[in-house]
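Grab a pencil and work through these exercises with the model open beside you. Each task comes with a solution in steps.

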Amino acid sequence: MSQVWVWGLNSYSQLNPESTETTQNIPRHLKRLPSVKKVSCGATHTLFLTNECEVYSVGSGGFGKLGHGDFVDLSVPRLIKAFSGGVGIADIAATNAHSMAIDQRGRLYTWGCAFFGRLGLGREARAHVPTPTEVKNRYIEIKYSLIGCGGNSSIAVAQNGAV
């Protein structure tokens with residue numbers, strides 16, 4: 001089983017739900033998670049990708065960036081149900097107001113704050129999208145292999161290497 005170590009600002013329990021300290025100056029072991037193969041930290045939330053290819057989120061629920069269909073803050077990591085049942089997530093990314101994931105088939109999902117088009121869902125997107133929503137191109141089917149996001153932007157690399 002992998003061990004997760006956390007430190008830094010913990011104002012929304014995004015790093016360590018077992019601590020009431022706002023700032024953690026030294027690494028602390030985070031318990032009660034399945035075996036984790038990747039983490040991604042936003043400003044006030046954290047995503048965990050497990051060895052079972054499931055995604056957990058914790059921290060500020062503002063903008064719906066935790067992916068649970070609401071805007072509720074969580075102090076304990078919770079499984080994102082949209083990705084349970086064999087979806088199989090391959091990669092995750094988090095930033096200050098939104099989150100991303102790609103599944104093992106190369107499908108891209110985004111959720112959280114839709115301002116500035118950062119979710120890639122088009123003009124009809126609501127201001128906040130609290131559940132993972134597949135990003136689709138109108139003209140061609142694109143399969144993705146890598147993702148990243150920061151601030152007000154998102155980026156994805158197609159499986160054929162195109163950005």
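**Exercise 1: Charges**

Task: find how many positive and negative side chains the protein has, and how far apart the centres of the two sets lie.

Solution. Count Lys and Arg as positive and Asp and Glu as negative, leaving out His and the chain ends. That gives 16 positive and 11 negative side chains. Next, place each charge at NZ of Lys, CZ of Arg, CG of Asp or CD of Glu. The centres of the two sets then lie 3 Å apart.

Before going on: this is a predicted model, where local features need pLDDT of at least 70 and side-chain atom pairs count only at pLDDT 80 or more, while totals for chains, interfaces and linings use all residues. Residues are numbered from 1 along each chain as its sequence is written, and side-chain values use heavy atoms, without hydrogens and water.

**Exercise 2: The cores**

Task: work out which residues have the most contacts inside the largest nonpolar core.

Solution. Start with the buried (under 20% relative accessible area, 1.4 Å probe, protein chains only) Ala, Val, Leu, Ile, Met, Phe, Trp, Tyr and Cys residues, and join them through side-chain atoms within 4.5 Å. The largest set has 13 residues, with Met100, Leu108 and Ile147 making the most contacts inside it. Strands (DSSP E runs of at least two residues, numbered from the N terminus) come next: β11 supplies the largest share, three residues. Finally, a second, separate core has eleven residues, including Phe83 and Trp111.

**Exercise 3: The fold**

Task: how many helices and strands are there?

Solution. With helices taken as DSSP H or I runs of at least four residues, the tally is zero helices and twelve strands. As for burial, 45% of the 163 residues count as buried.

Notes:
Buried means under 20% relative accessible area, exposed over 50%, partly exposed in between (1.4 Å probe, protein chains only).
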